[in-house]
Amino acid sequence: MGSILPRRIDPAKKSEAFSLRLAGASYREIQNKLGISSRGTLSYWFKELILTPEAQQRLEKHSAKAARVGFTQFNKNRSARIKAEDLEAYQSGKEIVGVLSHRELMLIGAALYWGEGTKSGGVNNTPRLVFTNSDPNMIVVFMHFVRNGLNIPEDKISGELHLYENINPNTAKIYWSEITGIPTNRFWFTNLVSRASQGRRPTNRLPYGTLAIRIPGRLYFARIRGMMDGLYESCTNTSH
């Protein structure tokens, strides 16, 4: 049985490796330049090598740069992973909703009104529905509830716009008319001046103001109040 001979080291390659190391080259740079596959070989060669201050400074700069590059790549990978996770969660959320039943629409409408609607009577304490928000998507959902859940006639639905001085009333009226399907002749305006934020409110904040959907009718009001209480009782029923 023949003996296993150690791999022959090229003296010229080893000498060049030392020269590169003394010049401040990193292990990776030396491996790539000389085609040395084993990092352990270089560690063994250089274990007693004392670097010059210049070489040590270059290595420190190289290490700092490598750390920055690695950190940047880590952040890119992390951002890509988070983006993919968020997209997956977003898609799964959309799939949960699917096609709404009439009952589900009623529950959503009641929950929206509970959060953004007026809970007390209006002028002369006459009950009415008043739903106020500046989010056009939320307004669209609420209008779908009003028309297809509560089946409220169109002539009972109107809009009140709460506008600051930087907002053009006609522009806002046309915008919310397109969002809600309410004719422009059934909107009126309320001008607001916020003393606390006067002179500091960004002019691009709420560019179309805030919309209040107004619907008279004590029975509509009573029905939604009943749904709100039903939601509360259902969520607090310990027998479920």
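Buried means under 20% relative accessible area, exposed means over 50%, and partly exposed lies in between (1.4 Å probe, protein chains only). By that rule, Phe 131 and Phe 142 are both buried. This is a predicted model, in which local features need pLDDT of at least 70 and side-chain atom pairs count only at pLDDT 80 or more, while totals for chains, interfaces and linings use all residues. Residues are numbered from 1 along each chain as its sequence is written, and side-chain values use heavy atoms, with hydrogens and water left out.

**Aromatic pairs**

- The whole structure holds 5 aromatic pairs, a pair being rings of Phe, Tyr and Trp (its six-membered ring) with centres within 6.5 Å; planes under 30 degrees apart count as stacked, over 60 as edge-to-face and the rest as tilted.
- Phe 131 and Phe 142 are stacked, because their ring centres are 3.9 Å apart and their planes lie at 5 degrees.
- This pair links distant parts of the chain, with Phe 131 in strand 1 (residues 128-133) and Phe 142 in helix 6 (residues 136-148), 11 residues apart.
- Helices (H or I, at least four residues) and strands (E, at least two) are DSSP runs, numbered from the N terminus.
- Tyr 175 and Tyr 208 are also stacked, with ring centres 3.8 Å apart and planes at 10 degrees.
- Tyr 175 belongs to helix 7 (residues 169-180), whereas Tyr 208 sits in the loop between strand 3 (187-191) and strand 4.
- Tyr 208 is partly exposed, at 30% relative accessibility.
- One aromatic cluster is formed by Tyr 113, Phe 131, Phe 142 and Phe 145.

**Salt bridges**

- There are 4 salt bridges in the whole structure, each a side-chain nitrogen of Lys or Arg within 4 Å of a carboxyl oxygen of Asp or Glu.
- One of them joins Glu 29 and Arg 58, whose closest N and O atoms are 3.3 Å apart.
- Glu 29 is in helix 2 (residues 27-34) and Arg 58 in helix 4 (residues 53-97), 29 residues apart.
- Glu 29 is partly exposed at 29% relative accessibility, as is Arg 58 at 38%.
- Glu 160 and Arg 214 meet in a salt bridge at 2.5 Å, N to O.
- Glu 160 lies in strand 2 (residues 158-163) and Arg 214 in strand 4 (residues 210-216), so the bridge ties together parts 54 residues apart in sequence.
- Glu 160 is buried at 7%, and Arg 214 is buried at 16%.

**Helix 4**

- Helix 4 has 45 residues and reaches 66 Å from its first C-alpha to its last, close to the expected 66 Å (1.5 Å times one less than its number of residues).
- Within helix 4, Arg 81 and Glu 85 are 4 residues apart, about one turn, and form a salt bridge with closest N and O atoms 3.9 Å apart.
- Just after helix 4, Gly 98 has a positive phi of about 60 degrees.
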